[in-house]
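Please keep the sequence and the coordinates at hand while reading.

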Amino acid sequence: MMDYYYGNMYEDLKALEQNRIRIYGNLKRYAMYICLFCFIFMWILSSLNVMKGFELLVLNVFLGTLVFGFLYRNEVAGFKSLFKDQIIEKIVHFVDKSLQYDKNGKISEDEYTKSMLFTKSYDRYRGDDLVSGMLDKTSIKFSDIHTEYETKDKDGKTHWHTIFQGLFFIADFHKDFNGKTVVLPDFAQRVFGGIGSWMQSLGKSKGKLVKMDDPEFEKEFVVYGEQIESHYILSHSMMERILNFKKKTHKNVYISFIDSKIYVAVDYRKELFEPVIYKSLLEFGQIKGYFEMMEMFVGIVEEFRLNTRVWSKE
Amino acid sequence: MLAFLIVIGVIALIVVVLYNTLVAKKNQVENIFAGLDAVLKKRYDLLPNLVASVQEYMVHEKTTLEKITALRSQALQGGLSSEAKMELDATFSKMLGGLMVSVENYPDLKANQNFLHLQHTLSELEEQISAARRAYNQSVTDYNNAIEMFPTNILAGMMNYTRKKVFESLEQERANVDVKNLFQK
């Protein structure tokens, strides 16, 4: 990884770092100007007695943030796009040469809905950084996805709430099946114990509650689907691998098996593969994080042994 | 008087809920057993083909083949209790497993395309059977818990519900193959 980093990426990173320092400097300057301007503006308005005190402060902070936000987006957009073209794409190719990367692509809304992982209807669907390709016999794709729903408070102000934000991964599954099996984090049982599991059995929207024969898995996850088929898909080793994967990510993991495909969603609650503007790009630790994340995502195929096909699906 | 009626109403409601839970659990067991039975039957259906394709090669296994065929016809007779079916299946699985191991002694057979196809189908079926057994055992455990735990046990006693047996061969299947141990033997 180090060789690849110095051989293929270091020059680009150096050029990008220049870019970043310039942008960072610009942003700091803008911030200073905006503060100065706000101060003068406040002083004029209060001396003219148009507005005063708290209201004035609120107005100023609001305007200042708005202007800064606009400038920030403008400055960073180009840098972000360059960073993805030059750095993220190289990281993808380092992990596997055959993979394709599309910085503007995303998992489609149809696929998101089909996965049945998040049944709450969304008002905004966004995503980027689509990686796709064939790893041995298994076709995979994944991207960053962010879904939100909208609420309005009594003043008519709009609020956005995140339903899911993080990695959304789809691959062929190595067993054929017809039904739907959905594995979700078991919030209810973790909090309420036995009563929680009773409550789960009442909700039928995702199918019938299936009890699995692995106590640790049963404690972490709740499974909906058809009794025998869920056991067929979730073999003992599969349950163990899912538990391992969850431990590795330290995040909530959602998995479903539908139409011979596996859908995996990892709730990071942040955008993945985005550059950090206030930290140096030349620190290896910074870039290593992207490498590791990409390796982990592509590694799902290996982790869940998706290439080890059952006889009927060779 | 009203309070008394409310108490009676609540008790009646609890009894109804408990009764329904018990019936649901019992039906669940039966339902999954039917699913298991279906995959088991698929395996039994595969057997005549298997026997036909191996018997000319496996001359020394003649008695085993006859025994397996006899077991199959026994299993396909109607009117067996689920316990009897489970026992038959355990013996059948064991003999079939043994037969598949002895295939190693017949290189010609291992090269036979028809046999290979059958073997693949069989191993796929074995996996489905194992899944069905696990689902069945889980539902039986659920059911057994319900009929032994308070307060459902009182009702279960009145309804004449008794404990059901789980498949026991599972433990052996669950253990990973210890390759090192195999070589040392």
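The buried residues of helix 8 of chain A are covered by elements that include strand 5 (180–185), helix 6 (215–220), helix 7 and strand 8 (252–258) of chain A; covering is judged by contact, for which two C-beta atoms, placed from the backbone, lie within 7 Å. Helices (H or I, at least four residues) and strands (E, at least two) are DSSP runs numbered from the N terminus.

This is a predicted model, in which local features need pLDDT of at least 70 and side-chain atom pairs count only at pLDDT 80 or more, while totals for chains, interfaces and linings use all residues. Residues are numbered from 1 along each chain as its sequence is written, and chains are lettered from A and ligands numbered from 1 in the order in which they are written.

**Helix 8 of chain A**

The residues A:M238, A:M239 and A:I242 of helix 8 are buried, where buried stands for 20 or more other C-beta atoms within 10 Å of the residue's own, exposed for 12 or fewer, and partly exposed for values in between, with C-beta atoms placed from the backbone. Seen down the helix axis, the buried residues fall within an arc of 100°, so they line one face of helix 8 of chain A; the arc is that of the directions from the helix axis to the C-beta atoms. The face turned away from this buried side carries the exposed residues A:S237, A:N244 and A:K247. Helix 8 (residues 236–249) has 14 residues and reaches 20 Å from its first C-alpha to its last, close to the 20 Å expected at 1.5 Å a residue, the expected span being 1.5 Å times one less than the number of residues. Just after helix 8 of chain A, A:H250 takes a positive phi of about 60°.

**Strand pairing in chain A**

| Strands of chain A | Bridges | Residues between the strands |
|---|---|---|
| Strand 2 (residues 124–135) and strand 3 (residues 138–152) | 10 bridges | two residues |
| Strand 3 and strand 4 (residues 158–172) | 13 bridges | five residues |

A:M134 has A:S139 in strand 3 as its bridge partner, and A:S143 stands opposite A:F168 in strand 4. In the hairpin of strands 3 and 4 of chain A, A:G156 takes a positive phi near 80°.

Most residues other than glycine have a negative phi, and most peptide bonds are trans. A:D136, in the loop between strand 2 and strand 3 of chain A, has a positive phi of about 60° although it is not a glycine, and A:D136 is exposed, with 12 other C-beta atoms within 10 Å. A:F273, in the loop between strand 9 (261–267) and helix 9 (284–298) of chain A, also has a positive phi, near 60°, but A:F273 counts as buried with 22 C-beta neighbours inside 10 Å. In chain B, a cis peptide bond with omega of about 0° joins B:F150 and B:P151.

**Chain B and the interface**

Chain B comes to eight helices and zero strands. Its radius of gyration is 23 Å, whereas a compact globule of 185 residues would have one near 16 Å; the radius is taken over C-alpha atoms, and the globule rule is 2.2 Å times the number of residues to the power 0.38. Of the 185 residues of chain B, 18% count as buried.

Between the chains, 10 residues of chain A are in contact with 15 residues of chain B.

Definitions and conventions: Two strands pair if DSSP finds at least two bridges between them.
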